[in-house]
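Subject: Structure handover

Hello,

Here is the structure I said I would pass on. My notes come after it.

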Amino acid sequence: MTSRHIVIVGGGIIGTENCCTTAYYLSSSVTPKSGISVTLIEASKHGVAQGAVAKWAYPTEIVGISFQEHVRLAEKYNGAERWGFRFVSCGQWEGTGKVSSAKSIELEERKSLKKTLGLRATGAKAYSLRDTAQVHPYLFTTSMLDLAKANGVKYIQGTVKRVEQDGRKVSGVVYDDIASVEQILEATDVVVCAGAWSPRILKNLPIDGLRAHSVTIQAQEGVTISPYVLFTEISGHDGPAHPEIYARPGNEVYACGPGDSPPLPDNVDDVEIDESRCESIIQHVSSISNELRDGRVDKRQACFLPVASRGEGPFIGKPSTIQNLYVAAGHTCWGISNGPGTGLAISQLVLDGKISCANLSRLSPSRFI
């Protein structure tokens, strides 16, 4: 029996943001006697995301299977208790916020996160309860990683620098371990899922990083926050703002604002937080909700979303130039939502040679590499 060593290069929920859907599905599909081993390399344990799971997300090719897999995983592993899976209502709010006595924050650059591109253009203000769900990103990703480890996946913390080749076929990866010592790990197959950092490994992959800021607010004791996802347009003296508001179990609220494009740092742990952007989010959501205004701000944070700079992402499949190399990157703000479907598709491609759960030919990275 020919042995195979599959190495997954993580950089977010698709690869491993504290867990790895791709590693989970690969390890769930092999047996100890198969001769197949899986190693996941991740630069950092990270969990900054909103956690929405939606049938109306994009692209349509992967949305259906991903939503179905989210529901299945939650039912199989008690996701409601383990990672906060629940169905939620979703709607849009438009209006004028109550002006705060605090000084307004002017942002030099506002880039849309394009979250609403998948919404049906019907003018409806709310969407079916069965069309939208959510998970807590940190709990979901750590749970997926634990399940993958239980299946035998080996986890290494390190920063992958490049993919090694023997002719036109991958032979391994070169990475710096946590002591910044360069290491070489041999592999028969490599899956690159490093999010915005993927082009650092695959130079011609057309992905840019869009920084997104967010905050979490804990409501006061005794206050109940309805299970809702809201896309807003808040008018005010500094022009319209469009923060997104996500209620979470435990009366925690996640809110995020527009993006900007500073240089991508070397590591996810080195992402700088612009305090003024976090303060702008807090001001705007507080202007339309007394509960949020009176709540406690627990976290101010930022992450980089991987956005396709050419064509339409995400890129899921095999490049045409290198054998036994696979790509799953460029999911923008829908990495959490589309993670399970992507992991399932990549596991089928690696193990069976073809994707059978969906037709993802339009998303193939062979268009560029």
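This is a predicted model: local features need pLDDT of at least 70, side-chain atom pairs count only at pLDDT 80 or more; totals for chains, interfaces and linings use all residues.

Sheet. There is an open sheet of eight strands with mixed pairing, in the order S10-S9-S8-S2-S1-S11-S18-S17. Its edges are formed by strand S10 (182-186) and strand S17 (315-317), each of which pairs on one side only. On average, and ignoring direction, neighbouring strands of the sheet are turned by 35° against each other. Gly-172, for example, has Glu-186 in S10 as its bridge partner.

Helices on the sheet. Helix H1 (residues 21-28) packs on the sheet and touches strand S1 (4-10), strand S2 (36-42) and strand S11 (189-193). The direction of H1 makes about 160° with that of S1. Helix H8 (residues 335-352) also packs on the sheet, where it touches S1, S2, S11, S17 and strand S18 (325-329). Here the angle between the direction of H8 and that of S18 is about 175°.

Strand S12 and its partners. Strand S12 (residues 207-218) is mostly covered, with 10 of its 12 residues buried. S12 runs antiparallel to strand S16 (residues 296-308), and 12 bridges join the two. In this pair, Asp-208 has Val-307 of S16 as its bridge partner. S12 is also joined to strand S15 (residues 252-260), by seven bridges and again antiparallel. There, Val-215 is partnered by Ala-255 of S15.

Nonpolar cores. The largest nonpolar core has 43 residues, and Ile-8, Tyr-24, Trp-83 and Val-191 are those with the most contacts inside it. At least two residues of this core come from each of S1, H1, S2, helix H2 (60-77), helix H4 (137-150), S11, S18 and H8. H2 gives the most, seven residues.

Which residues is Tyr-24 in contact with, leaving aside its neighbours within four places in sequence? They are Arg-72, Leu-73, Lys-76, Tyr-77, Met-144, Leu-147, Ala-148 and Asn-151.

Regards

How values were computed
Residues are numbered from 1 along each chain as its sequence is written. Side-chain values use heavy atoms; hydrogens and water are left out. Two strands pair if DSSP finds at least two bridges between them. Helices (H or I, at least four residues) and strands (E, at least two) are DSSP runs, numbered from the N terminus. Axes are lines fitted to C-alpha atoms, for helices over the stretch in contact, and angles run from 0 to 180 degrees between N-to-C directions. Contact means heavy atoms within 4.5 Å. Buried means under 20% relative accessible area, exposed over 50%, partly exposed in between (1.4 Å probe, protein chains only). A nonpolar core is a set of buried Ala, Val, Leu, Ile, Met, Phe, Trp, Tyr and Cys residues joined through side-chain atoms within 4.5 Å.
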